[in-house]
Amino acid sequence: MQFLGESQFRGTAAGTDYCGTYEASGDTIRFGPAEGWVELPEWYSSLLKQAHGYRIIGAQLDIMNENGHSIMSFTRMPPSLVSVDWYLQQHRAADGPGLLTPEGTYDLILFMPDGMITGIIHGIQLFAQYDADDSSISFGPVAMLIAEDDDPGKASESREMIESMFGEARTYWVWNGTLELSSGDGKPLVTMANTPAL
């Protein structure tokens, strides 16, 4: 969900884009009817109608009902991550400390505003949840789609590299069109740029 100027909001729920208006004063909030290209799921519309208050703690926004119970929770994602497609430039091998450069690929990752990443690395399509604040980042388990005709040995090596890359990531920085993910001990895991390596 995004809060825009002139008391407007928009977002995505269950794959449906929606928008509407809201009123907020102090710690109270009310949402007007949300409109989408297709009808919003009833459960989501119901939650918006129940909204009575809100609180913000750090990067988390809780929408509460009239009894003060949280009914929806959102985490603010850094816009520097979600504003562009990130193309793989270098990555650490799963079994070594050095950074390798991908050969002739357009591997890319897209950080979605809803806390999901999607992308393709070494021909493997991947999906995962992520959580980020100003400099720390963590990823949930990575789901991968591997083509049946892929070389089993090469696919296994790529899968291990992807799991290592996202499983070990603890910090990130974005500077001058470059994104770097690092492990907890500060060792670079992957470098990406907002333009393809080729």
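Me: In helix α1, which residues are buried, and what puts them on the same side of α1?

Reply: In this predicted model, the buried residues of α1 are Tyr44, Ser45, Leu47 and Leu48. Around the helix axis they cover an arc of only 160°, which puts them on the same side of α1. The face turned away from that buried side carries the exposed residues Glu42, Trp43 and Lys49, while the buried residues pack against β2 (8-13), β3, β4 (28-31) and β8 (70-75).

Me: Why is the pair of Tyr18 and Tyr44 called tilted rather than stacked or edge-to-face?

Reply: The two ring centres are 5.4 Å apart, and rings count as a pair when their centres lie within 6.5 Å.

Me: What makes Tyr22 and Phe31 a pair, and of which kind?

Reply: Their ring centres are 6.4 Å apart, which is within the limit of 6.5 Å, and their planes stand at 50°, so this pair is tilted. Tyr22 and Phe31 are both buried.

Me: How do you know that the side chains of Arg55 and Asp62 meet in a salt bridge, and is each of the two buried or exposed?

Reply: The N to O distance between Arg55 and Asp62 is 3.4 Å, and the cut-off for a salt bridge is 4 Å, so the pair qualifies. Asp62 has a relative accessible area of 6%, which is under the 20% that sets the limit for buried. Arg55, with 36%, falls between 20% and 50% and is therefore partly exposed.

Me: What makes Glu163 and Arg159 a salt bridge, and where do they lie?

Reply: Their closest N and O atoms are 3.8 Å apart, a value within the 4 Å cut-off. Both residues lie in helix α3, four residues apart, or about one turn of the helix. Glu163 has a relative accessible area of 40% and Arg159 one of 32%, so each counts as partly exposed. The structure holds two salt bridges.

Me: Why is strand β18 described as mostly covered, and which strands pair with β18?

Reply: Five of the six residues of β18 (residues 188-193) are buried, each having under 20% relative accessible area. Strand β9 (residues 85-92) pairs with β18 in the antiparallel sense over four bridges, and strand β17 (residues 178-182) does so, also antiparallel, over five bridges; at least two bridges are needed for strands to pair. In β18, Val190 is the bridge partner of His91, and Ala193 that of Thr178. The hairpin of β17 and β18 has five residues between the strands, and there Gly186 takes a positive phi near 85°.

Note on methods. Residues numbered from 1 in each chain as written. Predicted model: local features only at pLDDT ≥ 70, side-chain atom pairs only at ≥ 80, totals over all residues. Heavy atoms only, no water. Buried < 20%, exposed > 50% of the residue type's maximum accessible area, 1.4 Å probe, protein only. Helix = DSSP H or I, 4+ residues; strand = E, 2+ residues; numbered from the N terminus. Phe/Tyr/Trp six-rings, centres within 6.5 Å; stacked < 30°, edge-to-face > 60°. Arc of directions from axis to C-beta. Contact = heavy atoms within 4.5 Å.
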